Amino acid sequence: MGGGVATETHQFHVLAVDDSIIDRKLIERLLKTSSYQVTAVDSGVKALEFLGLLDDVDVDNTDSNSHHHKVEVNLIITDYCMPAITGYDLLRKIKESKLFKDIPVVIMSSENVPSRINSCMEQGAEEFFLKPVQQSDVNKLRPHLMRGRKSQNHKRKPVEECLSPDRTRTRYNNHDLEL
Amino acid sequence: MWRFAKRLKNDGIEFLSNQGMAVVVDGFLDGQFSQLQLLQDESNPDFVLEVVSLFFEDSERLLNDLTIALDQQNVEFKKIDAHVHQLKGSSSSIGAQRVKNVCIAFRNLCDEQNAEGCLRCLQQVKQEYLLVKTKLEALLRLEQQIVAAGGAIPMLNEFC
């Protein structure tokens, strides 16, 4: 499980955003069982702050937040229904950001609302998980993480991908992407 | 009826934690609770205890807020709905299905701005919460007993 990742580079880092303390604990545990490093925050505002995106300021334009370098995040998983900034708002802000627009974003929601799911996917979310989130959902994150790493590390051996050019949520067998 | 007790060997605690014992205690807890148990292991031996403790704290806070909100002269249904939504979410995440189901009904009553209905629902959700709390506390005690006994089968009189 993820043998190809651990050797050359450090662990994948996932930013988890959820205002529910229970769901935060749950998602953190689920992510850690997949050996991901996790930062869990309780609001969209804290997530933006962590990314250095508060006040629509990208870190490479100014260091008003004392961020001298971009924080390394490989995937963001966020709850949809949150006070102040919703998961959808957060998704949009990330996609509008020069630095983070290519980071995969996954939305979680306790409500199965097709229009909600559609608008999130249209806005660029990679996956939409219905709560309570299961291990099988978290297993779907790996291809998105691997894809991100592949585009970062051009010197790595080519990884066989089954990626379709459009944004359909193709099901991957994790093992297909391992050498 | 604790059917797992018959299959419990010396690996008692492992069975409980790693085998994903289906804990359907008279329908109070659904499959989601088993998922939580599966996430507990040697490196996270207190996971279930931690999540359950958070659930108790969170729920009691929300039930308190709901009581206060429904006691107001002008009932703010949006605020109440927000609290119930949270309670629905956390009860769903822990597998407390009866609490979750009452929350669903509760939200409908909020939509209808039915104050009396909401009050009745609040009583019902409090009752369901107390019932599942009792079950969860018993489960945790059982786990502790198994660990303390070094994996031997505990006395199960209280569950029959």
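Me: What is the helix in which B:K133 is found, and what makes a stretch a helix here?

Reply: B:K133 is found in helix α7 of chain B, residues 115–148. Helices are DSSP runs of H or I with at least four residues, strands are runs of E with at least two, and both are numbered from the N terminus. This is a predicted model, in which local features need pLDDT of at least 70 and side-chain atom pairs count only at pLDDT 80 or more, while totals for chains, interfaces and linings use all residues. Residues are numbered from 1 along each chain as its sequence is written, chains are lettered from A and ligands numbered from 1 in the order in which they are written, and side-chain values use heavy atoms, with hydrogens and water left out.

Me: Why is B:K133 called buried?

Reply: Buried means under 20% relative accessible area, exposed over 50% and partly exposed in between (1.4 Å probe, protein chains only). B:K133 has 19% relative accessibility, so B:K133 counts as buried.

Me: Which residues does B:K133 contact, apart from neighbours within four places in sequence?

Reply: They are B:F56 and B:E60, where contact means heavy atoms within 4.5 Å. B:F28 is 105 residues from B:K133 along the chain, and the two C-alpha atoms are separated by 9.7 Å.

Me: How many helices and strands does chain B have, and how much of chain B is buried?

Reply: Chain B has 7 helices and 0 strands, so its pattern is written α-α-α-α-α-α-α under the DSSP runs. Of its 160 residues, 49% are buried.

Me: Which residues of helix α3 of chain B are buried, and what makes B:D30 a cap?

Reply: In α3 (residues 31–38), the buried residues are B:Q32, B:F33, B:S34, B:L36 and B:Q37. A side-chain oxygen of B:D30 lies 2.9 Å from the backbone nitrogen of B:Q32, at the N-terminal end of that helix.

Me: Why is B:S92 called buried, and what does B:S92 touch?

Reply: The relative accessible area of B:S92 is 15%, so B:S92 is buried. B:S92 is placed in helix α5, residues 77–94, of chain B. Beyond four places in sequence, the contacts of B:S92 are A:P132, B:Q32 and B:K100.

Me: What lines the second largest cavity, and what makes a space a cavity?

Reply: A cavity is a set of points, on a 1 Å grid over the protein atoms alone, where a 1.4 Å probe fits but cannot get out; lining residues have an atom within 4 Å of a point. The second largest cavity is lined by A:D18, A:D23, A:L26, A:I27, A:L30, A:M108, A:K131, A:P132, A:V133 and B:S93. The largest share of this lining, 4 residues, belongs to helix α2 (residues 21–33) of chain A. The volume of this cavity is about 50 Å³, and the structure holds 2 cavities of 30 Å³ or more.

Me: How many helices and strands are there in chain A?

Reply: Chain A has 7 helices and 5 strands, in the order α-β-α-β-α-β-α-β-α-β-α-α. Buried residues make up 47% of its 179 residues.

Me: Why is A:S109 called buried?

Reply: A:S109 has a relative accessible area of 1%, so A:S109 is buried. A:S109 lies in strand β4, residues 105–109, of chain A. Not counting residues up to four places away, A:S109 touches A:D79, A:Y80, A:R116, A:F128, A:F129, A:L130 and A:K131.

Me: Which residues does A:Y88 contact?

Reply: Leaving aside neighbours within four places, A:Y88 is in contact with A:Y80, A:S119, A:C120 and A:Q123. A:Y88 is in helix α4 (residues 87–96) of chain A.

Me: Why are A:A84 and B:Q113 called exposed?

Reply: A:A84 has a relative accessible area of 74%, so A:A84 is exposed. B:Q113, at 54% relative accessibility, counts as exposed. A:A84 is found in the loop between β3 (75–79) and α4 of chain A, and B:Q113 in the loop between α6 (97–111) and α7 of chain B.

Me: What is the phi of A:A84 and of B:Q113?

Reply: A:A84 is not a glycine, yet its phi is positive, about 65 degrees. B:Q113, also a residue other than glycine, has a positive phi near 55 degrees.

Notes: 1 Å grid on protein atoms, 1.4 Å probe; cavity = no way out; pocket = protein on both sides within 12 Å on 5 of 7 lines; lining within 4 Å. Points joined across faces, edges and corners; volume = space filled by probe spheres on them. Polar contact = N/O pair within 3.5 Å; in protein donor to acceptor, adjacent residues only side chain to side chain.
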